[in-house]
Every structure is written in C-alpha cells, then in structure tokens.
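Hello,

Here is the structure I promised to pass on to you. Have a look at it first, and then read on for my notes on its side-chain contacts.

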Amino acid sequence: MMNNWANISIDVDSLSSIYKGQGCSRAGGYTFVEFRSGLENLSNFFSKYAIHTTMFMVGNDFLYEKNHSAIKEIATNGHEIANHSMTHPQGFRWLPEEEKEKELTAMSDICQKVTGKRPVGFRSPGWNVDDATLPVLNKLEYMYDSSVFPTSLMPLMKFAHWSSMSKQKKQDRTTMGQTSYMFSPLSPYHVSNYSLGKRGDNSLIEFPISVSPYLRIPFFATLLLFTGINFYKKLFQSIRAAGLPIHFQMHLSDFIDYSIPELKDQIPGSKKGAYVPQSLRTPLSKKLDIFSAMIDLIAQDYNFITLEQWAAKMRSDK
C-alpha cells in the first residue's frame, strides 16, 4: 500500500544568511526585503492549496526586528518553523560538538522569543551533517532531523558546489555531508546512525529528501527549475509507483522576485566565487507556474502535513 504522506520543506535562506556580505555592494548591507517578500509570496502560494509547510529558518534572520512580523505571520498561518542553525555555517559538520550545540540552542532560543515556540526539527545548512550531530540532537530532545540527501548524484553535486565556491573558505566549499549518506533509506526512519542509513530504536526520526527509486535522482525544486516539469512528471510517477512518500525540498529563493531594483546590489556576481542558484536567475512568474504544476500533480495522490505532524504520527505508530 502506498505511503501517501507528503511534505513541502523550505530552507529559508536570506541573502544575508547565505552570502554573509559576499558581493553585497549596498551601503548599509542587506535590507532583508527578499526575506519578507518571499515569505509573503510563499504564504499566498500555499494558501491556495491549504498546505502547511515546514520552514527551516536561520536564527540570525530573527535578529532584524523588521522581520519579526513576517515570521510571526507565517507561524500563525500554520507553517512549522524548524531549526536551520543560528548563523548558517556551510561547514556545519566540521564544527566541534559544543559549537554545533551552540548553533542549535541559539536559534531555538530566539525562535521561542519571537514566536513563543521552540523548534522540534533540524536541518543542517547545505545538508552538511555528520554522525556526530546525532548526540547533540538527542541531548536537546529534538523529534526529527532532515539533513540526509540520499542521491546518487551526490559526488557530482559536491564537486559542482566546491567549484562554484572557489573563493570561499575550505569548510564553506563542502556540502551534503558524508558520501555514504547517498545509500541511506528513501523513506523516513528512526535513526541511530546516518552512515548507510543504519536504523535504530532511537526516537529521533530522519526525513530524507525525496529521490527517485533505483537511480536516486533528486526530487527537489532546484533540479525541477533546471529540467522543467515534463522530466519531473516521470520522476514523480516512479516515486508513486514504488509506494514512497514525498518530501519535496525548496528554498525561500523559489518565491522571490530578484528583478526588483533594491536587490540588484545584494546578489554576488559570477566573479565573486559564490554559488548563485537557478532560482535567482528565473523570473518569479515562471517559478510559480512550474511549482503549481508540480503541486497539482502531487496533490492527486498525496496528503500534505508538516514534518512535526509526520514525526508525531511515526512516534505513535512505533
């Protein structure tokens, strides 16, 4: 019987979180206009489908008081806010254990201060996690993690990121965690060790990013924008036929209009040695048309819930 649960998870990475000043020529730094407008566009888009997403947010974006109303509104509208670290260190897995704990705790503290609720789920920046993160998550009593991306294209994606980040620090050029994670299970599981997807009785649940069965082609928004909807319909059909659930991952940048003049001097150029994703180069209207077609397709066979709700169901069924 097909597992018909689906989730939309979104990495809410502001330009400030991702680039930390890289290529920003605007006097006074970032305005966060893309953060607030992106959240508004995202909320309007998913309200048409009555879908509540899981939003992995960076603590530093909570420090800017003008962002608070947008954050509170997205939470009030039923979207889950999860932990994406405090400062978005791309090399998260290389941090000492105490630094990892500090990153999680600081974001959790400020999230509670602004929204009144602490996150129960975590995703490492760039999915760049390691087995040493598990004890930290267990210590802080998290319900779930969502940092494993079990795709066969991991070596290629790692190389592409390393090359595009040519002028950045070595740790910031890494991504996607240990290579062994490409062989992890495709469905959510109780995890005791990320490596090779070792399952365990641990109450912590891992929600891997969706990939197709067999070939393990990534099923997420970045590649969808690159390939177009027709190829992705075939991927979806293979996932549905295999009876797999859907965990479709997106970014805040998928809902931002980067053509507005205010953002022109806040985005790195190609010569800055920083990765600039497809979503920054695609018109907003085209992005939304493509995503609408994909959501319409998924909604025919799947029911959407947040990762917190999904984790609660898995715990109760254990």
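Let me begin with Lys-100, which is buried, as its relative accessibility is 2%. Please keep in mind that this is a predicted model.

**Charged pairs**

What does Lys-100 meet? Its side chain forms a salt bridge with that of Asp-130, at 2.7 Å from N to O. This pair links distant parts of the chain, since Lys-100 belongs to helix α4 (residues 97–115) and Asp-130 to the loop between β4 and α5, 30 residues apart. Asp-130 is buried too, with a relative accessible area of 11%.

In total, the structure holds six salt bridges. Another of them joins Arg-123 and Asp-11, with 2.6 Å from N to O. Arg-123 sits in the loop between β4 (121–122) and α5 (133–139), while Asp-11 is part of strand β1 (residues 5–12), so this contact ties together parts that are 112 residues apart in sequence. Both ends count as buried: Arg-123 has 0% relative accessibility, and Asp-11 has 3%.

**Aromatic rings**

How many aromatic pairs are there? The structure holds 16. One of them is tilted: the ring centres of Phe-92 and Phe-122 are 5.3 Å apart, and their planes stand at 45°. Phe-92 lies in the loop between β3 (80–83) and α4, and Phe-122 in strand β4, so parts 30 residues apart in sequence are tied together. Both of these residues, Phe-92 and Phe-122, are buried.

Phe-149 and Phe-220 form an edge-to-face pair, with 5.1 Å from centre to centre and 85° between the planes. The pair ties together parts that are 71 residues apart in sequence, because Phe-149 is in the loop between β5 (144–145) and α6 (154–164) and Phe-220 in the loop between β8 (205–206) and α7 (221–227). Phe-149 is buried at 1% relative accessibility, as is Phe-220, with a relative accessible area of 4%.

Phe-45, Phe-46, Tyr-49, Phe-255 and Phe-291 make up one aromatic cluster. And Arg-173 lies over the face of Trp-162, 4.0 Å from the ring centre.

Best wishes

Note on methods
Residues are numbered from 1 along each chain as its sequence is written. This is a predicted model: local features need pLDDT of at least 70, side-chain atom pairs count only at pLDDT 80 or more; totals for chains, interfaces and linings use all residues. Side-chain values use heavy atoms; hydrogens and water are left out. A salt bridge is a side-chain nitrogen of Lys or Arg within 4 Å of a carboxyl oxygen of Asp or Glu. Helices (H or I, at least four residues) and strands (E, at least two) are DSSP runs, numbered from the N terminus. Buried means under 20% relative accessible area, exposed over 50%, partly exposed in between (1.4 Å probe, protein chains only). Rings of Phe, Tyr and Trp (its six-membered ring) pair if their centres lie within 6.5 Å; planes under 30 degrees apart count as stacked, over 60 as edge-to-face and the rest as tilted. A charge sits over a ring if NZ of Lys or CZ of Arg is within 6 Å of the ring centre and within 35 degrees of the ring normal.
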